[in-house]
Amino acid sequence: MPIYEYHCPKCHKDFEELVFGSDVPACPACGGNACERLMSRPVIHTPTPSKVGQVMQYPSSGKSACGSCAGGNCSSCR
């Protein structure tokens, strides 16, 4: 069940929709039913060579951090 991006030519709005098969959804803004499926670029998250092995530092959420995390959000200190 992929989520596709659509463009409505009637009101010029872009939106995402969970679609089954070849169904074409109605525009949630105007109700138009001539929406066009947009070509989406896939996003692949990989570490850059300069950051491999580095520990990411996240901003503190106001909680005290233990020795194993940066923001007090790990399973040992929450």
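Me: What do buried and exposed stand for here?

Reply: Buried means under 20% relative accessible area, exposed over 50%, and partly exposed in between, with a 1.4 Å probe and protein chains only. Tyr-6 is buried, and Phe-15 is buried too. This is a predicted model, where local features need pLDDT of at least 70, side-chain atom pairs count only at pLDDT 80 or more, and totals for chains, interfaces and linings use all residues. Residues are numbered from 1 along each chain as its sequence is written, and side-chain values use heavy atoms, with hydrogens and water left out.

Me: How many aromatic pairs are there?

Reply: Rings of Phe, Tyr and Trp (its six-membered ring) pair if their centres lie within 6.5 Å; planes under 30 degrees apart count as stacked, over 60 as edge-to-face, the rest as tilted. The count is 1 aromatic pair. Tyr-6 and Phe-15 form a stacked pair, 5.8 Å centre to centre with 20° between the planes.

Me: Which residues make up the largest nonpolar core?

Reply: Such a core is a set of buried Ala, Val, Leu, Ile, Met, Phe, Trp, Tyr and Cys residues joined through side-chain atoms within 4.5 Å. The largest has 6 residues: Tyr-6, Cys-8, Phe-15, Val-19, Cys-27 and Cys-35.

Me: How many disulfides does the whole structure hold?

Reply: A disulfide is a covalent bond between the sulfur atoms of two cysteines. Here the criterion is a pair of cysteine sulfur atoms within 2.5 Å, and the search finds 0.
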